[in-house]
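Colleague: I am new to this structure and would like to know how its descriptions follow from the values. Could you take me through it step by step?

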Amino acid sequence: MNKQRKPTYSHQELAILYFPDIRPESASSQLSRWINRDTDLLDELRRVGYIKHQRTFTPRQLNILLDHLGNPKE
């Protein structure tokens, strides 16, 4: 039986999806600002293991981010 893997994204990959028109480094910084300014989001991420400067989001963390920030492709 093949299990389909849930997607994971690096911080920068996800940031680029939210901010496609700016440099990748700037996009990463902006995503970090969004996360840090939303205390509910940050608390929820921390409950599932998120730590500052984490480079890759787990599928569970990604779902939390999408719930709070919306789909970056919309």
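Predicted model: local features only at pLDDT ≥ 70, side-chain atom pairs only at ≥ 80, totals over all residues.

Colleague: Why is Gln-54 called buried?

Modeller: The relative accessible area of Gln-54 is 14%, and buried means under 20%, so Gln-54 is buried.

Colleague: What makes the approach of the side chain of Gln-54 to the side chain of Gln-61 a polar contact?

Modeller: The two side chains come to 2.5 Å, and because a polar contact is a pair of N or O atoms within 3.5 Å, with one able to donate a hydrogen and the other to accept it, the pair qualifies. The side chain of Gln-54 also reaches the backbone oxygen of Thr-56, at 2.7 Å.

Colleague: Which residues line the largest pocket, and how do they divide into nonpolar, polar and charged?

Modeller: Gln-54 is one of the lining residues, together with His-11, Ser-32, Asn-36, Tyr-50, Lys-52, His-53 and Arg-55. The lining divides into one nonpolar, five polar and two charged residues, around a pocket with a volume of about 160 Å³.

Colleague: Which residues touch the most other members of the largest nonpolar core?

Modeller: Of its 15 residues, these are Leu-14, Leu-31, Ile-35, Leu-45, Phe-57 and Leu-65, and α1 (11-18), α2 (24-37), α3 (39-47) and α4 (59-69) each supply at least two residues of this core.

Definitions and conventions
Residues numbered from 1 in each chain as written. Heavy atoms only, no water. Core = buried A, V, L, I, M, F, W, Y, C linked by side-chain atoms within 4.5 Å. Buried < 20%, exposed > 50% of the residue type's maximum accessible area, 1.4 Å probe, protein only. Helix = DSSP H or I, 4+ residues; strand = E, 2+ residues; numbered from the N terminus. 1 Å grid on protein atoms, 1.4 Å probe; cavity = no way out; pocket = protein on both sides within 12 Å on 5 of 7 lines; lining within 4 Å. Points joined across faces, edges and corners; volume = space filled by probe spheres on them. Nonpolar A, V, L, I, M, F, W, Y, C, P; charged D, E, K, R; others polar.
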